[in-house]
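Have the viewer open as you read.

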Amino acid sequence: MSDEKGQPGPAPWDVLTAEFLAAAADPCSLPAPAMAEIAFAGRSNVGKSSMLNAMMQRRGLVRTSSTPGQTRSVNLFRAVTRNGLDLHLVDLPGYGFAKRSKAEKRQWGPLIEAYIVGRPTLRAVVVLVDARRGVEEDDLQLLEFCAAPRKGNAPLTTIVVATKLDLLPKAKRKPTLATIARAAGTRVVGFSAETSEGRAEVWTAIDRLVRGPG
Ligand SMILES: Nc1nc2c(ncn2[C@@H]2O[C@H](COP(=O)(O)OP(=O)(O)OP(=O)(O)O)[C@@H](O)[C@H]2O)c(=O)[nH]1
Ligand SMILES: [Mg+2]
């Protein structure tokens, strides 16, 4: 396995085991909480499922599509890294689907909200923002929602990621990330599912969160 810089040989963030565990179309059908979970949320088509494949180094494990609204349930995966993290990574349906019916739009909001508020094992939400679109109103709402206290559950950390960085000209990347960080009010990691840029940085952030800074 090689890391995102193309260096050969074992890397700490190689994913040794990646498997699909469950899909839940409503909060009641989620599997019982077991290990620490990191969820991936963001607008439809922003690249959540692609990012999960890149994080897990598996091409087709998570279904992706150029048609917005591909992921319609809460999908749980288990990933074990070479350096010993053993986690659930969770693919959430996207929000802000321009092309879906109102009924369908309504259907997913409560599912995402119930999962984020009520999942005791959820530790962090990776909030994905399209690098070309920047931070939009519903992204800010999600960030605010994740920051709100959860009934009886520990507070959540959010990790803001700007996706599809490969689609921006190189000279525009740094200033775009700075603009996104300012709008989100937090640091932002640039990411590309095409090149895996940003992958080690996101794994490092997850590791720190799950194992603590020491
Ligand atoms: N160039 C480029 N394309 C990407 C990247 N990430 C995702 N895409 C493309 O963007 C489209 C949407 O990707 P998905 O991963 O399915 O997006 P999603 O956020 O899971 O979408 P929903 O499940 O509909 O909410 C697909 O055509 C992907 O190939 C990236 O980093 N670079
Ligand atoms: Mg998806």
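Predicted model: local features only at pLDDT ≥ 70, side-chain atom pairs only at ≥ 80, totals over all residues.

The buried residues of α5 are Arg199, Val202 and Ile206. Those three cover an arc of only 75° around the axis, so they sit on the same side of α5; the arc is that of the directions from the helix axis to the C-beta atoms. Here "buried" means that 20 or more other C-beta atoms lie within 10 Å of the residue's own, "exposed" means 12 or fewer, and "partly exposed" is in between, with C-beta atoms placed from the backbone.

Residues are numbered from 1 along each chain as its sequence is written, while chains are lettered from A and ligands numbered from 1 in the order in which they are written.

Back to α5: what does its buried side pack against? The partners are β2 (37-42), α1, β5 (122-130), β6 (157-163) and β7 (188-190), going by contacts (C-beta atoms, placed from the backbone, within 7 Å). Helices (H or I, at least four residues) and strands (E, at least two) are DSSP runs, numbered from the N terminus. On the face turned away from the buried side you'll find the exposed residues Arg208 and Arg211. Gly212 follows α5 and has a positive phi, near 90°.

## Checking helix lengths

The expected span of a helix is 1.5 Å times one less than its number of residues. For α5 (residues 199-211), with 13 residues, that gives 18 Å, and the end C-alpha atoms are 18 Å apart, which agrees. Helix α4 (residues 170-184) has 15 residues and should span 21 Å; its end C-alpha atoms are 22 Å apart, which agrees as well. Just after α4, Gly185 takes a positive phi of about 75°.

How much of α1 is covered? Nine of its nine residues are buried, among them Lys48, Ser49 and Asn53. After α1 comes Gln57, with a positive phi near 55°.

Helix α1 (residues 48-56) also gives the largest share of the shell around ligand 1, three residues. There are 23 residues around ligand 1 (C-beta atom, placed from the backbone, within 6 Å of it), and Gly47, Ser50, Thr64, Thr71 and Gly94 come nearest. By class, that shell has five nonpolar, 14 polar and four charged residues. Ala, Val, Leu, Ile, Met, Phe, Trp, Tyr, Cys and Pro count as nonpolar, Asp, Glu, Lys and Arg as charged, and the others, Gly among them, as polar.

## The nonpolar core

The largest nonpolar core has 45 residues, and Ala39, Phe40, Ala41, Leu89, Val126, Leu128 and Val161 touch the most other members. Strand β5 supplies the largest share of this core, six residues. Such a core is a set of buried Ala, Val, Leu, Ile, Met, Phe, Trp, Tyr and Cys residues joined through C-beta atoms within 7 Å. Setting aside neighbours within four places in sequence, Leu89 is in contact with residues including Leu52, Met55 and Met56.

## Two glycines

Gly109 lies in helix α2 (residues 102-118) and is exposed, because it has 11 other C-beta atoms within 10 Å. Gly134, in the loop between β5 and α3 (137-147), is partly exposed, with 14.

Key: Contact = placed C-beta atoms within 7 Å.
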